[in-house]
Amino acid sequence: MIYKFPITSYFIFFLISLSSFTTVTACFGQTIKLPSNDEISSGLKEALEKATGISAERLGSKDGYLGNLDVKILFPEEAKNVEKTLRSMGLGSMVDQAITGLNRAAEDAAMEAKPIFTDAIKQMSIADVKNILLGEDNAATSYFNTTTSPVLTEKFSPIIDSSLKKTDATKYWEDVMNRYNKVPLVKKVDTDLTAYVTRKAIDGLFVEIAKEELKIREDISSRSSPLLQKVFGYAKQADK
């Protein structure tokens, strides 16, 4: 026996299907509403506060530099031969102690970056904000590099100098250099340790900020508020 639906059932099914199709069509045809200047400014600044805060906290924790191969501070170029020579002489542990001390000093200073970045974010004009939002994937990182590097250097330098002494990194470094400089016929190395570690610590901060910036731009799940979703959704749409 063939069961036949009543005509009214077919009609109801047709209406439900039509309604569903219309809803889907509306979704596919939806365009992102343009955010206002205030929304763009607030959204971007919220994102940058998050990115810089996470970066500073990550690097300011134990092994934040030492355990991160992207930012780990190694011997400066002019001292690479020092490391190679001493390791070949069985003095690798002395070298490792010096490297650990350099990174601990950077970790001590990293948290001091947060208020510096916050001040830079507050001072952004709407033109700065739009250039960053619609710029390259590292536009914010480049902006911070330009605007905060001198202040970061001034703030980091005394902290790192104090930390190098506190963690005996200065002593380990001097031990390494004294031992190396006693090797016959080698060219003596004289590095401004505080300046070197300060520069590398700041470079590491920008490496981490660039990662967070890219994540917010590319990963929808990183946009933790409706405002971020709206602003960066608009930026993504504008980039097409």
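Student: Among contacts in the protein between residues at least 6 apart in sequence, what share join residues at least 24 apart?
Tutor: Keep in mind that we're looking at a predicted model here. Take the contacts between residues at least 6 apart in sequence, then ask how many of them join residues at least 24 apart. That share comes to 82%.

Student: How many helices and how many strands does the protein have?
Tutor: Reading along the sequence, you get the pattern α-α-α-α-α-α-α-α-α-α. The count that goes with this pattern is 10 helices and zero strands.

Student: What percentage of the residues is buried?
Tutor: Buried here means under 20% relative accessible area. The protein has 240 residues, and the buried part of them is 40%.

Student: Which residues have the most contacts inside the largest nonpolar core?
Tutor: That core holds 62 residues. Those with the most contacts inside it are Tyr65, Phe75, Val82, Phe144, Phe156 and Val197.

Student: How far apart are the end C-alpha atoms of helix H8?
Tutor: H8 runs over residues 169-181, which makes 13 residues. At 1.5 Å a residue the helix should span 18 Å, and the distance between its end C-alpha atoms agrees: 18 Å.

Student: Within what arc do the buried residues of H8 fall, seen down its axis?
Tutor: The buried residues in H8 are Ala169, Trp173, Val176, Met177, Tyr180 and Asn181. They line one face of the helix, because seen down the axis they fall within an arc of 125 degrees.

Student: Which helices do those buried residues of H8 pack against?
Tutor: Start from the buried residues of H8, Trp173 and Met177 among them. Their packing partners are helix H3 (80-88), helix H4 (92-110), helix H7 (139-166) and helix H9 (193-218).

Student: What kind of aromatic pair do Phe117 and Phe206 form?
Tutor: The structure holds four aromatic pairs. For Phe117 and Phe206, the rings are 6.4 Å apart centre to centre, with 65 degrees between the planes. Planes over 60 degrees apart count as edge-to-face, so this pair is edge-to-face.

Student: How many residues apart in sequence are the parts that this pair ties together?
Tutor: Phe117 is buried, and so is Phe206. Phe117 lies in helix H5 (residues 113-122) and Phe206 in helix H9, so the parts tied together are 89 residues apart in sequence.

Student: Which residues form one aromatic cluster with Phe117 and Phe206?
Tutor: The cluster takes in both of those rings.

Student: Is Ala139 buried or exposed?
Tutor: Ala139 is found in helix H7. Leaving out residues up to four places away in sequence, it touches Asn131, Ile132, Glu213 and Arg217. Its relative accessible area is 16%, so Ala139 is buried.

Student: With which residues is Val207 in contact, leaving aside its neighbours within four places in sequence?
Tutor: Val207 is found in helix H9, and at 33% relative accessibility it counts as partly exposed. Leaving aside those neighbours, the contacts of Val207 are Asp70 and Val71.

Student: How far apart in space are Asn37 and Val129, C-alpha to C-alpha?
Tutor: Asn37 is found in helix H2 and is partly exposed, with a relative accessible area of 40%. Leaving aside neighbours within four places in sequence, Asn37 is in contact with Ile126 and Lys130. Asn37 and Val129 are 92 residues apart in sequence, and in space their C-alpha atoms are 9.3 Å apart.

Student: Last one: what value is phi of Asp63 near?
Tutor: Asp63 sits in the loop between helix H2 (37-60) and H3. At 34% relative accessibility, Asp63 counts as partly exposed. Its phi is positive, in a residue other than glycine, and is near 70 degrees.

Notes
Residues are numbered from 1 along each chain as its sequence is written. This is a predicted model: local features need pLDDT of at least 70, side-chain atom pairs count only at pLDDT 80 or more; totals for chains, interfaces and linings use all residues. Side-chain values use heavy atoms; hydrogens and water are left out. A nonpolar core is a set of buried Ala, Val, Leu, Ile, Met, Phe, Trp, Tyr and Cys residues joined through side-chain atoms within 4.5 Å. Buried means under 20% relative accessible area, exposed over 50%, partly exposed in between (1.4 Å probe, protein chains only). Helices (H or I, at least four residues) and strands (E, at least two) are DSSP runs, numbered from the N terminus. The expected span of a helix is 1.5 Å times one less than its number of residues. The arc is that of the directions from the helix axis to the C-beta atoms. Contact means heavy atoms within 4.5 Å. Rings of Phe, Tyr and Trp (its six-membered ring) pair if their centres lie within 6.5 Å; planes under 30 degrees apart count as stacked, over 60 as edge-to-face and the rest as tilted.
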